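Here's a structure worth a slow look.

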Amino acid sequence: RAAPRPASTSAIADATPTSIAASAVASPPRPRWRRWAAAFALVSAAALGGMAYAWRARETRADPASEAQLALLRLPTRYRTDTAAYSSYLRGLTLRFEFHFIASRDTLAALVDRKPLYVPGLYGLAHSWMFAALNNLTDPDESWPRIDALGRRALALDSTAASAWLVLAAEDMFAHPDLSRAGERITHARRLDPFDADAPAMRSVWFRFYGEMDSAVAEARLAHRLDPMSLLDERLVGKQLFFARRYDESRAAYLRMLQDSPGWARGYVDLAQLSMATGRAREAVQWLRLARTAEGDSTAAAALTTPATNAAAILLIDADARRSIARLDSAARAGQRVPAADYASAFAALGDTVATLRWLDSMLVQRDSYIHQVRIDPVFDFLRAEPRYRAWESRSGLPPMGLKGRELQRASR
């Protein structure tokens, strides 16, 4: 039997949703000044090396290729002399920044086959495997042993490779949970390369395991300051603010992202979830329509008509969730890997307590990387008072919420 909707969604007066900025919907060409700024950042970075990361203009986002070139400028000179290996690594990194994690993995695997002693290729390949696993694109039982082996091979060749230490820290968080050791490895990587945005980004996720969301937001913002051109780091800021229930700040962050990246489906979906969490069901329908359009699903987009009331909007959102479940079922029947977290989120959108809890159990079986987020994600707030949910949390293996003073002090170094 479906659970009642949270009061924040159902017990609200019907109201006209806040207007969605045209810049978040249209797809205008990137202004010339942004291209010039990106080019200037590249030239300046070449002159000043890694220090450029500390002061690049926050309002500028380069294309992924330019972002990858900037990241490579922090590589030691010895890794830039082999121009063929350097170019292949640049290509793999660019694909990762474009969120093409499987293509990035395959590109870097070819590089490692050709140059097995090229350290950036080893830890770059480990990172691509890691992102593929964390986004449920690969089987974690296959991915994490590969990630571990690649990270250790990189460190055996160069113990100062900060990115390789972060690979092992990720394994400590998601594969064989040891959060204390993960924290130590993140701290070590940070000391080796203070300008690597991946270190505070990973620390931000580390804080999420404990529900320390203000600290998570602060680390995400540091990552974004170090690499303001990265959509990945900027989204981390918006998502952490959402998990912290700092909804107005989260909304502002997403709207800024969509100004630079219109047509970004994931951003529209995140804004739809945020709108539901704040009781703006009619606005959520508009964001979902934009998401389905960006995904190329014209049928689903057309079904999300303009509702007259919040009650009508919730019916449309429920229907969209059921279509999502049908797509997941179809993918599973076709033999594709379908993450349990996707089912859990879809049934949570319906407020279906029994089905959501069943898929949360499946997340434990699959060792889904999203497990640690369930406790802080507003999407699952309707379950919190359920004894069955509390029993699930006890079985999850997650640490107690909140950090002790000494742990928090050590983590902040």
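## The cores

The largest nonpolar core holds 100 residues, and Tyr89, Leu360, Met363 and Phe380 have the most contacts inside it. A nonpolar core here is a set of buried Ala, Val, Leu, Ile, Met, Phe, Trp, Tyr and Cys residues joined through side-chain atoms within 4.5 Å. Buried means under 20% relative accessible area, with a 1.4 Å probe and protein chains only. Helix α6, residues 119-134, gives the most to this core: ten residues.

Take Leu360: leaving out residues up to four places away in sequence, Leu360 touches Ala344, Val374, Phe380, Leu383, Tyr389 and Trp392. (A contact means heavy atoms within 4.5 Å.) There's also a second, separate core of 22 residues, including Tyr254 and Leu288.

## Where the model comes from

This is a predicted model, where local features need pLDDT of at least 70 and side-chain atom pairs count only at pLDDT 80 or more, while totals for chains, interfaces and linings use all residues. Numbering starts from 1 along each chain as its sequence is written, and side-chain values use heavy atoms, leaving out hydrogens and water.

## A histidine in α6

Is His127 buried or exposed? His127, which lies in helix α6, is buried, with a relative accessible area of 2%. Setting aside neighbours within four places in sequence, His127 is in contact with Arg96, Ser163, Val167 and Asp198.

## The whole chain

Zoom out and you'll find 22 helices and zero strands. Helices (H or I, at least four residues) and strands (E, at least two) are DSSP runs, numbered from the N terminus. Of the 413 residues, 54% are buried.

Technical notes. Buried < 20%, exposed > 50% of the residue type's maximum accessible area, 1.4 Å probe, protein only.
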